[in-house]
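The points are grouped by topic, for reading alongside the sequence and the structure.

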Amino acid sequence: MRSGERYAERMGLPLAGWLAVAALAVIAAALSNMGDMRWWRVAASLVVLVVPLVGAWWLGRLPVRVVEEAGGERWLHVDDARLPMSAVAAVEVLEPVAYSDALGVAQHPLAFVVQRPWLGRGVRIVLDDPEDPTPYWIVSSRAPERLRDALLASAPTRA
């Protein structure tokens, strides 16, 4: 972790996911060539092999970080989105069933959601900012308890 970071993780694929993507990419590349070694088919096979691997890496590159800024306030950074803890009313850990329900049809249409299908848990961060139409954030996490603890460690006390 960098200086000022209280929590950091990436939403990368687990090993089983990488193996599945690699196996499917190899099969697709082999089927796209079918033994004909003309240069354009070999080039197409290489593209078919590389694109799924790059796509899987790109999907897992998203960072989730809790950073303590110079003024002492903590911020949640999810990729380019930033949320100050002064705008947070509550942080709730969502176990698999609650997480699935929160991502379903009952979800608020203005909710900010960052999820990856291979992460079955996350947190719901309820906002307390009357000027923001977003009612809450839902963020996938491998360790939602640690993320919640990092967020709430400096949460301002409400009167």
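Asp149 has a relative accessible area of 44% and is therefore partly exposed. The side chain of Asp149 meets that of Arg148 in a salt bridge, with an N to O distance of 3.3 Å. The model is a predicted one, and the structure holds 9 salt bridges.

**Salt bridge between Arg148 and Asp149**

- Arg148, the partner of Asp149 in this salt bridge, has a relative accessible area of 25% and so counts as partly exposed.
- The limits behind these assignments are under 20% for buried and over 50% for exposed, with partly exposed in between; the 25% of Arg148 and the 44% of Asp149 are both assigned to the partly exposed class.

**Salt-bridge network of Arg6, Glu68 and Arg74**

- Arg6, Glu68 and Arg74 are linked in a network of salt bridges.
- Arg74 counts as buried because its relative accessibility is 11%, and buried means under 20%.

- Ser45 is located in helix α2, which covers residues 39-59.
- With a relative accessibility of 8%, Ser45 counts as buried.
- The side chain of Ser45 is joined to that of Ser32 by a polar contact of 3.0 Å.
- Leaving aside residues up to four places away in sequence, Ser45 touches Ala29, Ser32 and Asn33.

**Nonpolar surface patch**

- A nonpolar patch on the surface is formed by Leu15, Trp18, Leu19, Val50, Val54, Trp57, Trp58 and Leu59.
- Together, these residues have about 830 Å² of accessible area.
- Helix α1 (15-33) and helix α2 each supply at least two residues of the patch.
- The greatest contribution comes from α2, which gives 5 residues.
- Val50, one of the patch residues, lies in helix α2.
- Val50 has a relative accessibility of 43% and therefore counts as partly exposed; residues of such a patch need over 30% relative accessible area.
- Helix α2 thus holds both Val50, which is partly exposed at 43% relative accessibility, and Ser45, which is buried at 8%.

**Backbone geometry at Asp79**

- Asp79 has a phi near 55 degrees, which is a positive value in a residue other than glycine.
- The position of Asp79 is in the loop between strands β3 (74-78) and β4 (81-84).
- Asp79 is partly exposed, as its relative accessible area is 34%.

Conventions. Residues are numbered from 1 along each chain as its sequence is written. This is a predicted model: local features need pLDDT of at least 70, side-chain atom pairs count only at pLDDT 80 or more; totals for chains, interfaces and linings use all residues. Side-chain values use heavy atoms; hydrogens and water are left out. Helices (H or I, at least four residues) and strands (E, at least two) are DSSP runs, numbered from the N terminus. Buried means under 20% relative accessible area, exposed over 50%, partly exposed in between (1.4 Å probe, protein chains only). A polar contact is a pair of N or O atoms within 3.5 Å; within protein, one must be able to donate a hydrogen and the other to accept it, and residues adjacent in sequence count only if both atoms are side-chain atoms. Contact means heavy atoms within 4.5 Å. A salt bridge is a side-chain nitrogen of Lys or Arg within 4 Å of a carboxyl oxygen of Asp or Glu. Patches are made of residues with over 30% relative accessible area and no salt bridge: like charges are joined within 9 Å, nonpolar side chains (Val, Leu, Ile, Met, Phe, Trp, Tyr) within 5 Å. Accessible areas come from the Shrake-Rupley method with a 1.4 Å probe; for residues, only the protein chains shown count as cover.
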